[in-house]
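This report describes a sheet and some aromatic ring pairs. Look at the structure first, then read on.

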Amino acid sequence: MESRGNEHVDVLIVGAGLSGIGAACHLRRDCPQKSFAILEAREASGGTWDLFRYPGVRSDSDMFTLGYRFRPWQEAKAIADGPAILGYIRATARDHGIEEAIRYRCRAVSAEWSSDDARWTVEVRRGDEPEPEWITCSFLYLNTGYYRYDEGFTPHFEGLERFGGRVVHPQHWPEDLDYAGKRVVVVGSGATAVTLVPAMAEKAGHVTMLQRSPTYIVSMPAHDAIADFLRRRLPAEVAYPIVRWKNVLLAVLMYQASRRSPEVVKRLIRSGVEKALPAGYDVATHFTPAYDPWDQRLCLVPDGDLFKAICRGDVSVVTDRIVTFTERGLLLASRAELEADVVVTATGLNISLMGGMELRLDGEKVDLSKTIGYKGVMFSGLPNLAATIGYTNASWTLKADLAAGYVCRLLNSMDEHGDAIATPRAPAPSEPTRPFMDLTSGYVLRSIDQMPKQGSRRPWRLHQNYPRDLLVLRYGTVDDGEIDFSPAGGRPAELVG
Ligand SMILES: Cc1cc2nc3c(=O)[nH]c(=O)nc-3n(C[C@H](O)[C@H](O)[C@H](O)COP(=O)(O)OP(=O)(O)OC[C@H]3O[C@@H](n4cnc5c(N)ncnc54)[C@H](O)[C@@H]3O)c2cc1C
């Protein structure tokens, strides 16, 4: 393909959220010789932490692991609210001089790889401009998150148009929504629902969490006592990695215990919930999922805020199915009717990997589902391309940091050896593959067939395990025999499938 780019950068980062800004900081530090730019579709940086504005929006993993490895989290709370996280991301961009590299209102729409030129040509839409712009890059680094920004997921609800109240989705929170003293129903039981419910209960008349099925919910102190102790005595640069590792290991232990002894972990979680709720509360119906812990993401609630709101009588939980919306609220399968002034559909996200971009290799459209993730960072058959896809069982940033460090090592190693192209080879077609994400959550299952696969052995297998990934990504050899390195002009390896 003839190159249409009128501008070239060594590395093009797509997305100026938590990951894209972290990636740029790594590049600036570890590959100072590389030019880069960041394309951001929105008018602001911060991604998730700027988009979501619902009451109480907060992290559901601790900030010592959701924070960047290179920038200690210094605020008081370990479970932080959205604005504090956004402030942290933006301060990082500012302090590392990244802000100037971000091009706002620039959406990357498609990218085509040319083997002859050893570069990607990226089609960019700037705001509402009718004509695209083109930019070429030697390495395309996608930090586009994992869901669609324009539209959250709402299942079809019968009779929705009849409802006389207001229906809102947490992804598009209306600034003017006044729910003080009102009857609110939050539909859902995931991280967003369990965050929203106690936060809205502070002002609402009453909040009902209406769930089809329960989720595992674990209370966690909003303040980390060990972290606070260490931070009072040690410089931030010393205390932060200690606390980070403590939390990494705790999360790994919890996850491994859930996989190996699910019955024990189920009992532990259940007894925590029973202790937090009034005697005789129907924990079996409302807080005992049918699946094992970590088949789906576990929800954390800081200082048991959800349980406290239930104890106060501000919140009730209903486990039932919606038959239809009515004029006054919701009719349920049990024939009960839930009256509501406001219904919040905390029903999830629409997954979108690679920022919804269409990728082509020398004119041929890439079918992502035919690729296999390499070290959870690159993909079989896709030259000079990396994407940040964080952990599902631990903080996203742990993986994002490792991925960024790896990309820098790869780029430096290519420079050292005079290589222009790095393409992960596909494992043999006879080798078994499995889905890229091993969660059974609805949002994953709805899009699993469009996602890449993972392989059955290192480096194609995704372990979702920070210490293991650390060994591979930070300390493993770059040229591990699974990547084709070539000077410009080499053809990419065949896609599998
Ligand atoms: C409500 C909520 C709470 C969460 N809480 C946690 C938590 O506690 N812990 C945790 O580990 N994870 C959490 N997550 C997951 C969270 O998304 C990640 O932690 C992290 O914010 C992801 O950062 P990111 O930069 O990779 O993606 P995002 O934050 O999604 O940012 C991606 C950016 O890329 C831009 N973009 C996308 N496509 C394009 C394109 N084609 N062209 C140009 N720009 C594009 C977007 O506009 C956006 O700015 C949460 C997610 C949600 C929705």
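## Sheet and rings

Strand β8 (residues 183-187) pairs with strand β9 (residues 206-211) in the parallel sense, over five bridges. Strands pair if DSSP finds at least two bridges between them; a strand is a DSSP run (E, at least two residues), a helix likewise (H or I, at least four), and both are numbered from the N terminus. Val185 stands opposite Thr208 in β9.

This is a predicted model, in which local features need pLDDT of at least 70, side-chain atom pairs count only at pLDDT 80 or more, and totals for chains, interfaces and linings use all residues. Residues are numbered from 1 along each chain as its sequence is written, and side-chain values use heavy atoms, with hydrogens and water left out.

β8 and β9 belong to an open sheet of five strands with parallel pairing, in the order β7-β16-β8-β9-β12. β7 (166-168) and β12 (315-319) are at the edges with a single partner strand each, so one side of each has no neighbour in the sheet.

Rings of Phe, Tyr and Trp (its six-membered ring) pair if their centres lie within 6.5 Å; planes under 30 degrees apart are stacked, over 60 edge-to-face, and the rest tilted. By this rule there are 19 aromatic pairs. Two of them are listed here.

| Pair | Centre to centre | Plane angle | Class |
|---|---|---|---|
| Phe52 and Tyr54 | 5.9 Å | 85° | edge-to-face |
| Tyr68 and Phe70 | 4.9 Å | 15° | stacked |

Phe52 and Tyr54 are both buried (under 20% relative accessible area; exposed is over 50%, partly exposed in between; 1.4 Å probe, protein chains only). Tyr68 is buried at 1%, whereas Phe70 is partly exposed at 22%.
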